[in-house]
Amino acid sequence: MKSLTDRKIRWGIIGLGNIANKFATDLLTIEDAELYAVASRSQSKADYFAEKHHATKAYSSYEALVNDENIDAIYIATPHTMHKENTRLCLEKNIAVLCEKPFAMTNAEVNSMIAIASAHDTLLMEAMWTYFLPHYNFVLTELKNNTYGKLLSVEADFGFVRPFDNDSRLFNKSLGGGSLLDIGIYPIFAALSTLGVPDEISAEATYFDNGADSSCTMQFTYKDAKATLKSSLLEATPCEAIFHCERGIIKINSGFHQPTSVTLITPDNEETIEFDCNTHGYNFEISHFNELLREGKTESPIMSFDMSHELIQLLDKVRDIIGLKY
């Protein structure tokens with residue numbers, strides 16, 4: 001294992017789209033890390049990205065990047081269907097991987113990725129960045145402490161409108177496009193991280209002409225609670241996560257999956273708490289990952305393999321219910 005005690009962690013990025021740009025911007029705010037190399041299938045795109053974000057190297061293939069022995073960790077931000085193969089490529093070179101959510105297309109693929117990481121004794125984590133944001137951790141603490149009593153129900157939604165474009169990754173079914181995997185994962189995560197795995201699931205979906213799901217509504221049923229969840233590429237929804245407790249309501253305001261505010265509501269009072277990160281918010285998961293890497297850990301105690309398994313298994317179950325096949 002490389003010694004990381006006396007130098008910055010050198011990051012690489014595979015897949016240079018919108019999220020990778022935000023990730024790279026936030027990486028520059030972290031003192032003990034640097035963006036060392038980036039890779040795209042297009043040399044010109046890699047060169048542009050490297051210049052924009054001050055990367056040392058720019059590669060026109062993912063293979064060239066993983067063969068660079070100076071790289072300590074790689075962030076994978078390619079389309080969903082490529083996550084398993086891209087992760088394997090890195091892990092087999094014993095390079096730590098932070099892979100964008102969803103971890104992979106199916107639970108079987110996730111199992112394969114974790115098995116490869118274990119075989120190479122190399123750090124692997126799903127990049128569910130929401131789990132590491134200050135506002136979300138504040139809410140988790142309030143719920144854990146039963147500040148407002150027992151959690152009775154969760155409502156979470158994520159929806160926006162964008163003109164249909166079959167060439168766009170967002171709508172391309174062959175790349176895992178559609179509402180469920182791309183944005184439905186966030187409402188599902190909100191329920192899983194607060195109520196756990198449900199006893200029963202019901203779901204309905206609508207579809208674009210190309211077979212990708214345009215919206216999905218889900219109901220998770222627990223012994224003493226329920227979660228009502230929704231994802232949509234057809235309408236702009238509030239994008240809130242609302243936690244109804246016995247003595248009050250905790251509401252994560254619009255853009256609940258990203259840095260935002262939290263409103264606490266009781267019969268006697270209503271208070272909104274601001275959480276201004278001064279970044280896009282990816283720096284929190286990066287810092288956590290850096291700490292794991294420096295400590296020689298191979299799994300996160302927060303976004304653990306068990307958590308990733310439970311998340312992808314819920315996505316698989318919803319897909320089975322609505323008849324969505326890739």
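**Exercise 1.** Determine the order of the strands in the eight-stranded open sheet and identify which strands stand at its edges.

*Solution.* In this predicted model, local features need pLDDT of at least 70, side-chain atom pairs count only at pLDDT 80 or more, and totals for chains, interfaces and linings use all residues. Residues are numbered from 1 along each chain as its sequence is written, and side-chain values use heavy atoms, with hydrogens and water left out.

Step 1. Helices (H or I, at least four residues) and strands (E, at least two) are DSSP runs numbered from the N terminus; two strands pair if DSSP finds at least two bridges between them.

Step 2. The order is β8-β9-β10-β7-β11-β12-β13-β14, with mixed pairing.

Step 3. β8 (200–207) and β14 (269–273) each have a single partner strand, so one side of each lacks a neighbour in the sheet.

**Exercise 2.** Describe how β12 is joined to β13.

*Solution.* The strands β12 (residues 248–252) and β13 (residues 262–266) run antiparallel and are joined by four bridges. Within this pair, Ile 249 lies opposite Ile 265 of β13.

**Exercise 3.** State which strands helix α9 touches, and at what angle its direction meets that of β8.

*Solution.* Helix α9 (residues 305–322) packs on the sheet, in contact (heavy atoms within 4.5 Å) with β8 and β9. Its direction makes about 60° with that of β8; axes are lines fitted to C-alpha atoms, for helices over the stretch in contact, and angles run from 0 to 180 degrees between N-to-C directions.

**Exercise 4.** Characterise the pairing of β5 with β6.

*Solution.* Strands β5 (residues 96–100) and β6 (residues 124–127) run parallel, joined by four bridges. Val 97 has Leu 124 in β6 as its bridge partner.
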